Amino acid sequence: SSLPPCGGIVEPTRRLPAHPVGTFCAMGCGASVEPNVEPQAPAEPEDPLVKLHAEIERLRGELSGALPPFAESAKKWRYMSVTLGKLQRVATHIGDDLDDEKLMHDALTYHIAEQDAQDLRDASEGFGTDEEKMGRVILGRLPENIMLTDQIYRQRYGRSLEDQVRGENKTLMGLLGADSLSHFGRFLTYRTMTQPKRDALLFRGCISGWGCADFILIELLSTRTNDELKAAAESYAAEFEGEDMVERIKSETGGFGKKWYGKWIDTLVEFDRDESTEVQGDPADLAKQLYDAGAGKWMGCDEQVFIDILCKANEPTCLAIVEAYDALEDSKKSLREDIESKMGGDLEFAALARTRSRLDFFAWRIFKACKGWGTDEQCICRVLGCLDNNEVRKLSDRYNELYAEEDAPFNDFGALLESELSGSLLDGIKHLLESLPPKNHWESKDTYEPNAAAEADAFKTHIEENYDEEKAILLGDTDLDGGLHLLNVDQHFLCEGYDYEIPHEHDKHEDMDTSELLESPLPGEVHACEELIKKLSGTINEVQEETMKNNAAVEGSKAIYYDRSRDMRYKDHHLRQVLADNSAMLEFCAQRDADAVHEAIEGWGTDADRLIRILCSLTKKQLRRVDEIYTESHGKSLREVIDGELSSLFEGRFKYFMQCILTPPAELDAQLLRDSMAGLGTDDSLLIEICCTRTNQELVAAKKIFEEKEGKSVEEWTEGDTSGFYTTFLIRCLQAKRREGFSDERVARRQANRLHRAGLNGGDKDEKVLMKILVNNSEEQLALVSEAYKNKFGQELTEAIKEHLGGDLEQAMICRAQGRLTYYATALNKAMAGMGTDEQTLARVIGRNTKADLARIGRRMEDLFGGTLRQRIKSETSGNFQKALLTYLFAEGPGEADEAQIEAEAPGEDDPPPPAEEAPAEEEGVPCANGVLKVGSRVQTQYTEDEGGDGGWYSGTVAEIWPEDGNCKIDYDDGDNWTGSAATVHLL
């Protein structure tokens with residue numbers, strides 16, 4: 001073999017025996033080797049397994065480092081996804097309850113106003129006027145309640161409350177004469193008028209006759225808002241033949257000797273005073289300008305400066321100027337004292353009015369009205385009569401603060417008035433100060449939504465500032481059962497009853513089984529190493545991608561988390577206020593109604609009309625409370641009264657109807673179940689009605705009462721009175737396991753196909769499939785199934801059932817398929833069709849359902865069969881029975897609007913939802929099973945066997961999203977489409 005030049009050593013291609021030390025010779029090119037130096041060992045060939053093993057160890061370290069962040073991201077996303085679902089569910093629940101309670105609020109408010117109208121009528125009839133009764137109503141109500149009572153009074157008695165209080169039908173000018181009304185009558189009249197009309201009248205009084213009542217004019221212009229003044233001007237023109245109020249005021253306030261006062265008024269009647277809530281400009285500089293224009297001048301006063309600064313400044317700025325004036329080095333007096341020394345007459349009064357807050361000015365007016373000789377009762381009536389009850393109470397407190405140093409009785413608002421006034425006016429003002437309205441507070445209903453919004457905004461800010469990622473990870477690793485749990489929020493709900501257990505379908509994160517990848521011995525073969533490296537790299541990529549997706553999903557969902565938290569708190573706060581009102585009003589109404597029922601029953605004869613008007617105008621919730629109070633007071637229930645001493649009055653179907661509306665729903669259903677199966681034969685129509693139209697909760701409650709009374713279960717009775725698959729169908733309905741609230745268009749289309757194949761196509765009947773779909777599905781889902789069936793097969797689902805089934809099973813399945821509203825609409829139509837009227841069914845259906853449900857049933861009946869429910873009842877019934885039915889159905893709306901009341905009811909759950917107001921913004925997203933969906937996202941869903949599917953996964957594209965509902969629409973690649981909850985959708 002040859003050697004390379006310069007004595008280089010060639011790497012052997014195979015292992016050679018080692019040479020003894022010193023056996024190498026120097027050869028060629030003069031190279032030499034030290035004889036005693038140990039030669040370098042030949043290099044080992046690189047083993048490919050070494051590199052592969054090193055790469056495996058590196059990848060194992062990378063995977064081990066990637067797994068904890070992945071687990072944390074999965075736990076965070078699990079917490080976020082579950083919580084978003086719970087927030088949506090709770091907010092929907094609270095929202096539904098809020099809608100119901102708002103309807104109750106309206107009903108109670110109307111019922112109170114209706115009775116108030118009657119009381120005011122009673123107070124005015126006969127000889128003399130019951131001023132105490134009249135004052136108790138008018139002075140114990142909010143303006144919004146008085147306006148509603150006025151509306152009812154006009155419709156019933158053909159005159160306004162204002163006319164009734166004045167005692168005769170005078171024109172608006174009737175109030176202007178000094179002797180036309182007593183002070184108490186004037187005081188009440190102010191409170192029965194709308195603000196624009198009342199102020200228009202007061203302005204007219206200021207500028208009519210000889211001269212101008214300038215102090216009253218300034219009082220009005222200085223204490224009303226711009227909008228109130230503009231409204232008064234419009235009302236003035238309407239009442240006084242188009243006369244311009246502003247021009248009339250200008251003409252009455254200018255002239256000789258009143259140049260600057262006229263300019264002051266001209267500035268005020270521009271109605272553009274600053275109404276912001278922050279101090280504008282530099283109060284110290286403005287105070288100095290006023291000083292220089294007034295007290296700082298040796299002679300005279302520069303009135304224009306006062307006009308420029310004070311006339312249009314907002315209240316905070318005026319008060320800040322007053323305070324800054326006291327701090328001026330040059331000033332020896334207060335701003336008010338300097339105004340009094342430099343000005344006089346009307347201009348002085350106008351300037352002083354701008355140096356006080358609105359309440360302080362009114363307190364000053366009351367003080368002045370009582371000081372000196374005589375008492376200005378008209379001023380007191382005007383000031384207090386134009387304020388609402390809450391403002392009067394605040395005025396009383398403020399007066400006591402301002403005049404605490406005065407001698408008695410001027411140091412106490414109540415004592416002062418008691419010393420200066422007497423008779424009905426004094427009694428009325430005392431009632432104004434001491435009474436509470438039916439809802440136990442004086443806040444206007446108009447404040448509820450703004451207050452709820454402010455609370456919700458503060459709650460959202462707290463949620464945003466206290467989002468805790470570590471806590472989200474910890475919670476995401478728990479089972480997450482139970483109620484809603486927001487991060488760093490101690491009190492989730494202001495209302496009770498919403499911290500209930502909410503199930504979810506998001507399993508806990510389980511660590512990946514990486515033992516084979518991380519712990520297995522290093523392979524001894526190159527191919528096995530390469531395969532392991534491939535698996536490790538793939539797993540790392542998968543873990544990193546999932547980690548990024550989870551983190552992105554969490555970040556993308558935070559805005560939704562904050563918004564849904566806000567929405568939940570907004571509804572919760574609003575509901576709390578409405579619930580508190582309803583509780584107080586219900587108690588107020590119930591006590592008054594119980595007393596009225598007793599009055600109608602006792603004495604010479606029973607006032608049947610009054611009983612009907614009282615009892616049948618109430619909702620079931622109101623009736624239950626009236627019954628409780630009546631029972632506590634008189635030792636017997638209203639049902640016992642009707643069944644007992646009034647049995648001769650309440651006869652036949654009238655009596656049965658009254659029993660239905662007075663009996664709690666669960667007790668009535670238990671009784672109806674017994675009635676359907678007791679004695680010879682079975683009333684299958686009634687049995688089907690109860691089993692197939694009641695909710696899960698209603699069935700559970702009725703079954704419990706039934707078993708307590710009968711000693712046997714409803715199921716046992718049903719098995720003894722029915723047979724065959726009809727029995728099985730009813731028993732399954734009675735189990736109360738319906739999937740309430742579930743609806744899915746895609747599932748509905750497949751279920752329609754399954755129903756068709758299960759015997760509705762004329763083939764062999766698969767009764768189990770029929771039962772599973774018709775019994776288990778919600779009303780909403782069955783409505784979708786019916787629609788899908790008609791679209792696919794050109795026939796109504798109920799018609800297909802009639803064609804291929806028969807007997808009682810057919811009736812039960814039709815009842816289930818058509819839904820509660822259609823069933824009841826059909827039952828009512830059948831009861832009143834043809835010769836004669838089935839009054840038993842009429843009484844039961846109307847007496848068992850709530851007024852809100854009856855409104856929906858009435859609409860459905862009109863859609864299906866024509867004619868209104870009112871028309872049908874009028875033509876098919878008579879006497880007290882007719883009165884009771886019509887009162888129960890239509891008594892909660894104003895008389896002239898009764899017919900429209902049914903139309904105006906909010907749509908029910910069976911009615912189609914309103915179209916979306918606008919398309920959702922594309923940048924918004926909605927959380928799904930593994931991320932956040934946006935329009936255009938590629939996704940897949942599983943058609944589970946529980947839904948009647950094949951268990952397969954179907955791919956498609958997101959066509960629409962609704963972040964507020966958590967829903968999406970998917971267009972599938974196979975041409976199908978589906979709308980439903982995004983929580984079940986997986987991003988591809």
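1. The protein chain holds 44 helices and seven strands. Helices (H or I, at least four residues) and strands (E, at least two) are DSSP runs, numbered from the N terminus. This is a predicted model: local features need pLDDT of at least 70, side-chain atom pairs count only at pLDDT 80 or more, and totals for chains, interfaces and linings use all residues. Residues are numbered from 1 along each chain as its sequence is written, and side-chain values use heavy atoms, with hydrogens and water left out.

2. Of the 988 residues in the protein chain, 48% are buried, meaning under 20% relative accessible area (1.4 Å probe, protein chains only).

3. Take helix 29, residues 665–677. At 1.5 Å a residue, its 13 residues should span 18 Å; the end C-alpha atoms are 19 Å apart, which agrees. The expected span is 1.5 Å times one less than the number of residues. Gly679 follows helix 29, with a positive phi near 75°.

4. Which residues of helix 29 are buried? They are Leu668, Asp669, Ala670, Leu672, Leu673, Ser676 and Met677. Their cover includes helix 28 (652–662), helix 30 (684–693), helix 31 (696–710), helix 32 (714–721) and helix 40 (839–848).

5. Five strands form an open sheet, in the order 6-5-4-3-7, with antiparallel pairing. Strand 6 (977–981) and strand 7 (986–987) are at the edges, each with a single partner strand, so one side of each lacks a neighbour in the sheet. Strands pair if DSSP finds at least two bridges between them.

6. Strand 3 (residues 938–942) and strand 4 (residues 953–962) are antiparallel partners over five bridges. Gln942 stands opposite Trp953 in strand 4.

Conventions. Buried means under 20% relative accessible area, exposed over 50%, partly exposed in between (1.4 Å probe, protein chains only). Contact means heavy atoms within 4.5 Å.
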